[in-house]
Amino acid sequence: MSETDALQTTLAAEHAAVFVYGVLGGRTSRAATPELFDSVTAAYAAHRARRDHLVRELTGLGEDPVAGEAAYDVPQPLDTPAQVERAALDLERSCAATYAYLVATTVEDRRRWAIDALRETAVRELVFRGTPETFPGGDEYADR
Amino acid sequence: MSVGPLLPRRTAIALAAAGLVAVTGCDDRATPTPSATPTADPDVALVEKVIRRLRHAQHVAEAGGESELAVLHRTHIEALDGTTSEGSSPAKSAPGAVRGEEQRLQEYLEGAALAAASGALARLLASMSAAVAQRLAQGLG
């Protein structure tokens, strides 16, 4: 797979992340769970910034950035703060795997960007009650 | 989603350098051409340096009483096909020594991931760096 294909795949993942975080934000109360609200809001902003960066990168390469879907499957149920946290954690873990994949398929500045994104996503998992992993974004290594 | 190729273990890297195997998948290195004269693979030296760095961090963690952190480093060394060190108990680390060492290690691993010729190795090293970043974010030391 080419670097461009990997960037497109990552962009598609970011479109989904921005959509899902928008839903999670709507299920989170600033008054009742202010910490969770702030965490979801910060994650939404971070993924939106990454999505926009990827759009610029692909446009700069002369590519047509993949568009977002009209809607995405959203984890259910999302009736409690714990369920929202779990959905956010799963989303970050999925993004970590995507960024790790991007690290493998890029070089120089784009790889640096992917490395940073992987680190930030791995750390954000902890905000959503994730536990530190041995190989963030690379679970299969743990089985070797 | 499939996230790429399996780790090219150190032995595999050495074999690739000798032109005996080809690393495939997302690996961005050119396929080695069989040759009577092995060519140098820059990742072999990089992996050796990373293993030495991880061993040092393992010792510092052990000296600081951070046994789970030491286990993490041992697991990372093993993932690189390195031999873990089971030497004598080191002297106790000064306060803050473990955290400082982990911060330096985390940055070192990121630099190594950036420098790796193999995409699969870069991915593994970046994952290790992220694992250390998680421990630091958790309030290590």
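Keep in mind that the model is predicted.

Let's begin inside chain A. Two packed helices are described by the angle between their axes and the distance between the axes. For helix 2 (residues 34–60) of chain A and helix 3 (residues 81–105) of chain A, the angle is about 25° and the axes lie 11 Å apart. Angles under 35 degrees count as roughly parallel, so that is how helix 2 of chain A and helix 3 of chain A run relative to each other. Their crossing is left-handed.

Now let's step across to chain B. The contact between the chains draws 31 residues from chain A and 36 residues from chain B. About 2700 Å² is buried between chain A and chain B, with 62% of that area coming from carbon and sulfur atoms.

Helix 4 (residues 108–127) of chain A meets helix 4 (residues 97–115) of chain B here: their axes come within 9 Å and cross at roughly 145°. This crossing is right-handed. Among the residues that make the contact are Arg111(A), Arg112(A) and Ile115(A) on one side, and Gln106(B), Glu110(B) and Leu114(B) on the other.

Which side chain does Arg112(A) meet in a salt bridge? The partner is Glu110(B), at 3.1 Å from N to O. Across the interface of chain A and chain B, 2 salt bridges are found.

How values were computed:
Residues are numbered from 1 along each chain as its sequence is written. Chains are lettered from A and ligands numbered from 1 in the order in which they are written. This is a predicted model: local features need pLDDT of at least 70, side-chain atom pairs count only at pLDDT 80 or more; totals for chains, interfaces and linings use all residues. Side-chain values use heavy atoms; hydrogens and water are left out. Axes are lines fitted to C-alpha atoms, for helices over the stretch in contact, and angles run from 0 to 180 degrees between N-to-C directions. Helices (H or I, at least four residues) and strands (E, at least two) are DSSP runs, numbered from the N terminus. Angles under 35 degrees count as roughly parallel, over 145 as roughly antiparallel, 65 to 115 as roughly perpendicular and the rest as oblique. A crossing is left-handed if the near helix is turned anticlockwise from the far one by less than a right angle, and right-handed if clockwise. Contact means heavy atoms within 4.5 Å. Buried area is the accessible area (1.4 Å probe) that two parts lose on being put together, summed over both. A salt bridge is a side-chain nitrogen of Lys or Arg within 4 Å of a carboxyl oxygen of Asp or Glu.
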